[in-house]
Structure formats: structure tokens, C-alpha cells
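Hello,

Here is the structure we discussed, handed over for your files. My notes follow below it.

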Amino acid sequence: MPIPPTIINLKEDFPFFKSENKKLSYLDSAATALKPKSVIASISHYYENLGASVHRGAYKLGDDVTSLYEKAREESRKFLGAKNKEEIIFTSGTTHSLNLVASSLGEYCLKEGDEVLVTASEHHANFIPWQQIAKRKGALFRVIPLDKDFRINLEKAKELMSSKTKILAFSHVSNVLGGLSPVKELIDLAKSVGAYTVVDGAQWAPHGKVSVTELNCDFYTFSAHKIMGPTGVGVLYGKKELLEKIPPYQTGGNMIATVNEKESTWNMLPNKFEAGTPNIAGVIGMTACYEYIKKLDQEEIMKHEKKLTKILLHELKKNLNITTYQQDPLSLVSFSHKTIHPHDISFMADSHGVCIRSGHLCAQPLMQALGVSALSRASFYFYNDETDVERLLRSLYEAETLFS
Ligand SMILES: Cc1ncc(COP(=O)(O)O)c(C=O)c1O
């Protein structure tokens, strides 16, 4: 099966494939994606040529840096299909964003007896912050179970939803099961009982289009590093009227209007939620990242990623010792072996030059629901091809020979 030529050429854009690691099959993009040279160049450009801080400078260089930083905000707004730039907050990643929302929204709307809902397939970053804020506020933390096909059980979600439900948080795509969540249905259900909705888009943003305006969610977030941007940058969307009402998460420089011994008041949005000096180089690098993504044929790329996922799934399913845990074949495959531990599978893959993830995948509640303690996960991006799948399969067969 030939790889579309557009995709072969794109590999050229990644210095990784020219480095000493060029022989590796990198199948861990769901953890973090590789970076194109334009993103790396943009970050270096800041450190080499600009260097000043944002929102402070009473001099031209400071203003220039602030303009670049704010341009990235405008590009983030477009990427998420949001209406206002003030609704876009830069964080250090999805984990930071979700902690921010849990703390500030929870402080604003939760009281004793209220309920917070998440699903059984959440990453720890979208589970623990809600569990902890619910505990602090005397609210009940409840988990929507999965059905026998590992999908979010919408019937159970309906049963759990009531006037006591104040927040529903869920992922657009699970980092373990890989399929699309019924986003619209869940948001509509939450709206029907007046609950706020928080969507963890960490695994969807790298692969598909998002329109927070169409979704009508209250909050949406993703990590730059998973869409080929820099590490240490997250993008959080929040509805303006809510961001204005909820308290700030962190306090300090940039987020204040006035400070005196008795009281402080908060800056306008989005600064209210951006305390301290941010990851300026990283945020500026986001503009290069969006520009790179805009040049890609998203449909072609999604087809390519789906094809690789399906090939791997098809091959794994032939092996009766292997169980795959899958909703939809989108871009990743999680699996377990009857007798070989996921870490041993990873070690063997590594010895074949294949990088895959193994362990609880930051989703221990989901592991418990699936009845396993750990899984192996291979994840694809458009720079992967069938050779990567073949190498992984070969290493798996060798692991079986060695460990059985
Ligand atoms: C679904 C999901 N949510 C949240 C996160 C946390 O992202 P980060 O580590 O970039 O904060 C991840 C990372 O793997 C993820 O896959």
C-alpha cells in the first residue's frame, strides 16, 4: 500500500528523521509529537534575537515580543473556532488547564451535596483535579461507566445526571481507547440539567478540527506539544462570561489591576489567568505550529493514520494471545498479551528500534475498569508508515518466542 507522496515529503520537515535517531520507529506521538523545523526555528529565533518579556516593556523590543505573543493567541482562537481572543488562556499544558478549571470553576459553583461527573476513561489529568475539588467542597464525585464495547455508557450518563450535577468533564478522545467520545450528546445532556462542561481535547486536537462555538462547551483545552508545538504550552478556551465570574487560579504579576495591603483586584481577561512570566518562546512557537498545520491536507493525513491503525489492529487480532482495547481505529492501538507483560513488550520493541508506550497510561481507573494493570500502546502520526507497523509486529513475534 503506497504512502501518499504528500506524506512522504513531509518527513523531510522533521530534523528528528535526520538525527542519530533516524532509524527509530517513533510510535509514541500520543505522548508527544515530533517537531517540524519551522517550530524549532521560531523558538530559537526568540532566544537568539528577541529575548524580552511580554506585557511589561515600555520599549519597542518589549512591544514587538508582546505582539508576537498576542498573535499566537489570535491563531489559537482561530484554531479552536472561538469568538473572542479574551477567551484564550495560555497555560503550561492540558494538566495545568484542567487544574485551573477544576480549582476556579469548582470554587465558584460547587457546594455541599452537589455532584461532579467524569467518565471511567479519563486521563489522570481530567480525573484527579475533579476528585480533589469535589472533596474540598463537600460535593460528590461520580464516574460514568463504560459499556461492554468500552464506550461511554450514555444511558448510565443520563441516569447519573440530575439537578445536583454542576460539572461534567470528559475527554474528546481517550488516550487509551482511541475513539471519539459522543461529545455533542454529553454536552447536550449536561446542558439539560444546567451543568458546566469541560472537554479535554489533548488527544483530538492533533488529529481533527475543533469548533468550541459549534460544540457549545464551557471549557476546552489541549497541549501544544501533542500537535507538534513546544512543550510547556497549553491552550485553554473558556466562555468569556464564565471566565469573568470565576476566581483566578494563581496570583502574582500580570494578573492584577490594583494591589494594596487590604485588597487586590484582577486584570482583564485573559491576563487574569496568566500570572507570572509565561513560556514566551513556546507561545510564539505556536504560531509557526499553526502555520505548519494549515499547510497539511488534514483529510489525507487522517486517512493515513486510520489506515496504519487498522493494519496494526487487524494483525494483532489474528494473534489469540492478544487482546486489543479499542473504540474506533483513529490513531492509536492499546493491547495486552496473555503472558507477556507490557514492559517486556516495550523492551523488546525498543531493541528493534521501536518506541511504544507501556504501563497504566495515566489512566488507572480505566485500567481497573478493563481488569488490567497495564497495557502497551502504539500511536501514529502522519510521519509514520507501514514499515513502523511491520517492525513493531516483528518485535512482538520475537517477544513471544523469547518469553513463551
Ligand atoms: C487525554 C489526555 N489528557 C490530558 C493529558 C495531559 O497532557 P499534558 O501532560 O500535556 O498536560 C494527556 C497526555 O497524555 C492526555 O492524553
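The C-alpha centres of domain 1 and domain 2 lie 28 Å apart. Domain 1 covers 5–30 + 297–403, and domain 2 covers 41–294. Those bounds come from an automatic or database domain assignment. This is a predicted model: local features need pLDDT of at least 70, side-chain atom pairs count only at pLDDT 80 or more, and totals for chains, interfaces and linings use all residues. Residues are numbered from 1 along each chain as its sequence is written.

**Between the domains.** Domain 1 gives 20 residues to the contact and domain 2 gives 21. Two residues are in contact if their C-beta atoms, placed from the backbone, lie within 7 Å. On the domain 1 side, the elements giving two or more residues are helix H11 (298–318), strand S12 (332–337), helix H13 (364–370) and strand S15 (375–379). Helices (H or I, at least four residues) and strands (E, at least two) are DSSP runs, numbered from the N terminus. That side divides into 13 nonpolar, four polar and three charged residues. Here Ala, Val, Leu, Ile, Met, Phe, Trp, Tyr, Cys and Pro count as nonpolar, Asp, Glu, Lys and Arg as charged, and the others, Gly among them, as polar.

**H3 and H10.** The axes of H3 (residues 60–80) and H10 (residues 280–294) come within 8 Å and cross at roughly 50 degrees. H3 is therefore oblique to H10. Axes are lines fitted to C-alpha atoms, for helices over the stretch in contact, with angles from 0 to 180 degrees between N-to-C directions. Under 35 degrees counts as roughly parallel, over 145 as roughly antiparallel, 65 to 115 as roughly perpendicular, and the rest as oblique. The crossing is left-handed: the near helix is turned anticlockwise from the far one by less than a right angle, whereas clockwise is right-handed. Contact residues include Leu68 and Phe79 of H3 and Ile284 and Tyr290 of H10. They divide into ten nonpolar, two polar and two charged.

**H11 and H14.** The axes of H11 and H14 (residues 386–403) come within 10 Å and cross at roughly 20 degrees. The two helices are therefore roughly parallel. Their crossing is right-handed. Leu308, Ile311, Leu312 and Glu315 of H11 meet Glu386, Val389 and Leu393 of H14.

Best wishes
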